[in-house]
Amino acid sequence: MSSTMTIRMYNVGFGDSFLLLLPGKKTILVDAGFHSQGKGAFTGNDLAKQIAADAEAHSGEPRIDVVIATHRHQDHVFAFNSAEWKKLDIGEVWMPWVEDRDNPDATKLWKKQQGFAMRLAEAAPSFGLSPEDNAELDFLLWNAGIDITNLAADAELAAWSNQGALETLHDGFRHRDRLDPRFLPESNVFPETFESSVITGMKVHVLGPPRDPDEIEELDPANDDETYKALMLRAAGVLAQAVAAPFSEQWRVPETDAGPQLAAKDLKRLKGLAHSADALLAAKAVDDMINSTSLVLVLEIGDARLLLPGDAEWGTWKRILANNKARSLLRGATFFKVGHHGSHNATSKTLVEKVLPREIPAMVSTQEGSGNYRNNIPLEDLLKALGEHDISYARSDKGDEVLPPGFVAEADAKWIDIEIAC
Ligand SMILES: [Zn+2]
């Protein structure tokens with residue numbers, strides 16, 4: 001018997017939130033976030049309320065079978081701060097393995113990342129940033145977990161944080177069928193495949209994040225190696241120690257744990273680079289690392305194969321594309337959620353031009369606008385490549401325009417639906 005499912009993309013501005021309405025009254029939520037500086041049709045508790053209402057309209061009860069948080073960035077989790085979630089029953093919560101608080105590798109990774117961000121924050125005054133760049137740097141560091149300023153201007157959001165959102169995901173729903181979240185992948189098998197009892201018959205293929213912390217930290221090799229080396233060294237505090245006031249004791253790198261070492265001539269050259277663009281790029285590198293913790297999933301539901309890559313970046317894609325089994329999963333995709341709002345570093349050319357099948361629908365949750373964080377987003381070349389490969393796509397920020405066949409927008413363009421055979 002042929003059946004269909006609906007994928008609903010909410011217009012959350014520069015963020016992601018997708019609700020999957022499946023046969024058998026089942027529902028899956030993939031992310032619920034929006035960006036404090038780039039909101040769409042939802043800005044606070046209203047996103048959680050809308051999702052809960054839509055899920056209940058489909059299933060007949062206040063319940064979501066699976067809640068997936070691809071990674072801890074604001075634009076993917078911020079709405080989980082809402083108290084509305086306390087009214088919902090949940091089957092299971094899925095998060096990347098780095099969110100497992102009992103995993104020593106995860107603790108180590110976050111400690112290191114927080115150390116980078118903290119030292120960068122301490123060194124920031126020495127970079128002579130303009131007020132705009134300073135605000136941008138603060139945001140990037142805040143998003144990477146360092147609370148420097150209170151970024152939310154309105155009262156409702158002032159108390160919200162990425163950390164608060166994570167608390168909901170760990171333990172904030174009225175009821176969970178499975179008490180502990182699933183931290184994915186759960187093994188070193190790649191790609192990992194499992195089935196969950198809350199949605200029988202669905203196969204879940206986990207393609208990311210890498211289980212190896214070193215692979216998560218591998219940054220985009222398309223960038224100049226030298227530049228990245230400089231950025232990471234700066235972020236690690238090596239340069240900062242040379243140019244800025246001494247750090248407070250707790251953030252000083254112990255001699256035995258000094259990280260990458262610089263030759264004297266490199267140090268001299270790097271000292272000359274202390275200007276605002278470098279500081280912002282360094283903050284961006286720290287922030288990008290979190291994208292690399294993103295879940296990348298293929299959900300196999302009947303005949304449907306949904307490719308949901310979160311904001312995964314180059315390191316994760318490189319690994320996926322090099323693996324036959326993973327590649328063949330991508331070849332069978334019947335739907336593609338475009339990664340990282342259509343940015344340059346989240347969708348490989350090979351993926352679009354050589355791997356994904358033609359004539360599948362795609363969704364891009366994005367928002368054009370000012371602000372360094374969304375320069376060139378969505379990337380024109382990427383949208384063009386999708387078109388050239390007959391991949392029809394809808395943008396969350398263009399729901400009020402004429403959409404390609406199959407995509408249907410809500411009257412006020414607050415979301416866009418597509419039906420997928422399954
Ligand atoms: Zn994002």
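**Entry 1: H341.** I began with H341, which counts as buried because it has 27 C-beta neighbours inside 10 Å. (Buried means that 20 or more other C-beta atoms lie within 10 Å of the residue's own, exposed means 12 or fewer, and partly exposed is in between; C-beta atoms are placed from the backbone.) H341 is not a glycine, yet its phi is positive, about 60 degrees. I found H341 in the loop between β12 (335–337) and α14 (349–355). (Helices, H or I of at least four residues, and strands, E of at least two, are DSSP runs numbered from the N terminus.)

**Entry 2: ground rules.** I am working with a predicted model, where local features need pLDDT of at least 70, side-chain atom pairs count only at pLDDT 80 or more, and totals for chains, interfaces and linings use all residues. Residues are numbered from 1 along each chain as its sequence is written.

**Entry 3: A413.** Next I looked up A413, another non-glycine residue with a positive phi, near 60 degrees. A413 has 17 C-beta neighbours inside 10 Å, so I noted it as partly exposed. Its loop runs between β15 (407–409) and β16 (415–421).

**Entry 4: cis bonds.** I checked the loop between β7 (182–184) and β8, where P185 sits. The L184 to P185 peptide bond is cis, with omega near -10 degrees. P191 also lies in the loop between β7 and β8, and F190 is joined to P191 by a cis peptide bond with omega about -10 degrees.

**Entry 5: the sheet.** I traced an open, mixed sheet of 7 strands in the order β8-β9-β10-β11-β12-β13-β14. (Two strands pair if DSSP finds at least two bridges between them.) β8 (192–195) and β14 (392–395) are the edges, each with a single partner strand, so one side of each lacks a neighbour in the sheet.
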